[in-house]
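Subject: Structure handover and notes

Hello,

My notes on it follow.

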Amino acid sequence: MRVLLIGANGYLGRFVADRLLADPAVQLTALGRGDDADVRFDLASGSPGALTRFLDAVHPGVVINCAGATRGGARDLTRHNTVAVATVCEALRRSGCGARLVQIGCGAEYGPSQPGSSTAEDAVPRPGGPYGVSKLAATELVLGSGLDAVVLRVFSPAGPGTPAGSPLGRLAEAMRRAMQSGDGELKLGGLGVQRDFIDVRDVARAVHAASLSAAQGVINIGSGRAVRLRDAAAMLARVAGYGGALHELDGPPGPLRSTIGHPRSESDHAAPVAYPYPDGCGSWQQADVRTARDRLGWRPRINLEESLADIWMEAACRI
């Protein structure tokens, strides 16, 4: 099976590439903006015609799109998350390769959920910020393209390689600094937020399964369990051997002290945040993952403690 992987050098893309390379039946070609890509191409600025010519030359059976942006203003997010996907869809429509498309979406497309509820794929999306809006627009483009396509809505990825600016990455970095300086207490904000964390290696397994399946439409990829960030912090402290006290700052997460949401650019710090939570998902998110089980034969395998142990290992080695 010939697979074209777009965004192979990104956070999710690296693990998807590793998973595919471990399958001897897969012939993988990586397309991206970096020098390490097999083919250099910028989806946000490249033309559908140029991508079509490449698809006709390589003739992949599956195209997996892991590319995108999680930070920046609305214009950049739209360009990298929506316009880029429009380019992929148009190129696949023009091409004669007939490839299946596996698009990586995100839980932020749903927006806030009712506390205690599990969000299924038939929920009406109401994204609460520019990132979720840009990803939802991409999903709608894929679903309306007429292609053989599936969108995996990944909730909150965790595990090795977690960016330092992500919620759990910032938490690990704060704990590392506290231990390095000998602080007996750690003050953090926004610990009441609850998110559905899923290990990035389990996400890669889901992408692999989706590329082999005939499933179409939207499929949630999560653990199926919301975890309060306060509990994740306590778990990380046990993993790290941090014996100090964890103190939560009062009030909802703010623009300077939030520990939940997508990484923000410097410009985000210069102006008030327009939404109460940076990822636009409110205080609660939990995925209903029955569709992934039934249609992909997929279940999460790696628990949050193992994911946090890998995040901590990388943070502790950071100078």
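How many bridges join β6 to strand β11, and in which sense do the two strands run? Five bridges join them, and the strands run parallel. Before the rest, please keep in mind that this is a predicted model.

**Strand β6 and its neighbours**

Strand β11 covers residues 217-221, and within it Val218 is the bridge partner of Val151. β6 also pairs with strand β5 (residues 100-106), again in the parallel sense, over six bridges. On that side Val151 is the bridge partner of Gln103.

β6 itself spans residues 149-154 and is mostly covered, with six of its six residues buried. Ala149, Val151 and Arg153 point one way, while Val150, Leu152 and Val154 point the other way.

**Helix α5**

Helix α5 runs over residues 167-181, which makes 15 residues. From its first C-alpha to its last it reaches 22 Å, close to the 21 Å expected at 1.5 Å a residue. Its buried residues include Leu168, Leu171, Ala172, Met175 and Ala178. The charged residues Arg170, Glu173 and Arg176 are also on the buried list.

What do the buried residues of α5 pack against? Their partners are the strands β7 (156-158), β8 (185-188), β10 (197-199) and β13 (245-248), together with the helices α7 (229-240) and α10. Just after α5, Gly182 takes a positive phi of about 75 degrees.

**Salt bridges**

The count of salt bridges comes to 15. In general, side chains of opposite charge can pair when their charged atoms come close. Three of the pairs are described here.

Arg93 forms a salt bridge with Glu90, and their closest N and O atoms are 2.7 Å apart. The two residues sit three apart in helix α3 (residues 74-94), so about one helical turn separates them. Arg93 is partly exposed at 43% relative accessible area, and Glu90 also counts as partly exposed, at 24%. This pair belongs to a network of salt bridges that links Glu90, Arg93 and Arg94.

Arg201 and Asp310 meet in a salt bridge at 2.7 Å, N to O. Because Arg201 lies in helix α6 (residues 200-212) and Asp310 in helix α10 (residues 304-316), the pair ties together parts that are 109 residues apart in sequence. Arg201 is partly exposed, with a relative accessible area of 24%, whereas Asp310 is buried at 18%.

The side chains of Arg290 and Asp288 meet in a salt bridge at 2.6 Å, N to O.

Regards

Definitions and conventions: Residues are numbered from 1 along each chain as its sequence is written. This is a predicted model: local features need pLDDT of at least 70, side-chain atom pairs count only at pLDDT 80 or more; totals for chains, interfaces and linings use all residues. Side-chain values use heavy atoms; hydrogens and water are left out. A salt bridge is a side-chain nitrogen of Lys or Arg within 4 Å of a carboxyl oxygen of Asp or Glu. Helices (H or I, at least four residues) and strands (E, at least two) are DSSP runs, numbered from the N terminus. Buried means under 20% relative accessible area, exposed over 50%, partly exposed in between (1.4 Å probe, protein chains only). The expected span of a helix is 1.5 Å times one less than its number of residues. Contact means heavy atoms within 4.5 Å. Two strands pair if DSSP finds at least two bridges between them.
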